[in-house]
Amino acid sequence: MTAPADVGPPEPIPRDGGTPALPAPAPLSVPQHLRGHYAGFASRFIAFVFDCVLSIAVFEIVLAAASFASSVLTGTSIHWNRGNLWVVLAFFAWEFFYYAYFWTASGKTPGMQLLGVQVVGQDGSLVGTRRGLVRTLAFPLSFLLLGLGFVGILLGRDRRALHDSIAGTAVVYDWDAREARLRSLAREGHGRRSLAA
């Protein structure tokens, strides 16, 4: 029977013949690191298209609901014009909220969840509120520079776009991160059971 691949070298046996000391489990305050392979352009692009369709659909539904509510309450319906400044501002505010919320809360928009990719810190840690907000604010820059902000995803070693470089983030495949966490939890559980025995 072969040993699992992720098991480290055996602990040295003390000179007095006692049992080897087991490593103490990592404290709960240590932040989790989400390791994984960098996500490619295709996965990120498909996730973005899905998020565009979803966020625009939700915005249109809200406008239609507001128009319907207005027609019920006042008897006159509102006809939204895409050139209306209020509608444009509301749309950009909604798009900012959509990406900022998901990136700061979990590092994954619904499209990224579907494609199995996740935003993490450059060091592999959880993205957090500050980096998530900076990434959301910097995201339009990658488009405004004639799309050149996305070249790093194709040519860069760590596949980071301009907004990733500004925010200190990266995008990885999150199933690799889940497997790493499960292996870590399994080792911690084994260590605790050994200490209790």
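The model is predicted, so local features need pLDDT of at least 70 and side-chain atom pairs count only at pLDDT 80 or more, while totals for chains, interfaces and linings use all residues. Residues are numbered from 1 along each chain as its sequence is written, and side-chain values use heavy atoms, with hydrogens and water left out.

Let's start with charges. Side chains of opposite charge can pair when their charged atoms come close. How many salt bridges does the structure hold? There are five, each being a side-chain nitrogen of Lys or Arg within 4 Å of a carboxyl oxygen of Asp or Glu.

One of them joins lysine 108 and aspartate 174, at 3.1 Å from N to O. Lysine 108 sits in the loop between α2 (85-105) and α3 (110-115) and aspartate 174 in helix α7 (residues 174-196), so this pair ties together parts 66 residues apart in sequence. Helices here are DSSP runs (H or I, at least four residues), numbered from the N terminus.

Next, aspartate 164 pairs with arginine 135, with the closest N and O atoms 2.8 Å apart. Are these two buried (under 20% relative accessible area, 1.4 Å probe, protein chains only) or exposed (over 50%)? Aspartate 164 is buried at 0%, and arginine 135 is buried at 3%. Arg44 joins both of them in a network of salt bridges.

A nonpolar surface patch of about 1,100 Å² includes Phe41, Phe45 and Leu154. Patch residues have over 30% relative accessible area and no salt bridge, with nonpolar side chains (Val, Leu, Ile, Met, Phe, Trp, Tyr) joined within 5 Å. Helix α1 gives the largest share, five residues.

Methods:
Patches are made of residues with over 30% relative accessible area and no salt bridge: like charges are joined within 9 Å, nonpolar side chains (Val, Leu, Ile, Met, Phe, Trp, Tyr) within 5 Å. Accessible areas come from the Shrake-Rupley method with a 1.4 Å probe; for residues, only the protein chains shown count as cover. Helices (H or I, at least four residues) and strands (E, at least two) are DSSP runs, numbered from the N terminus.
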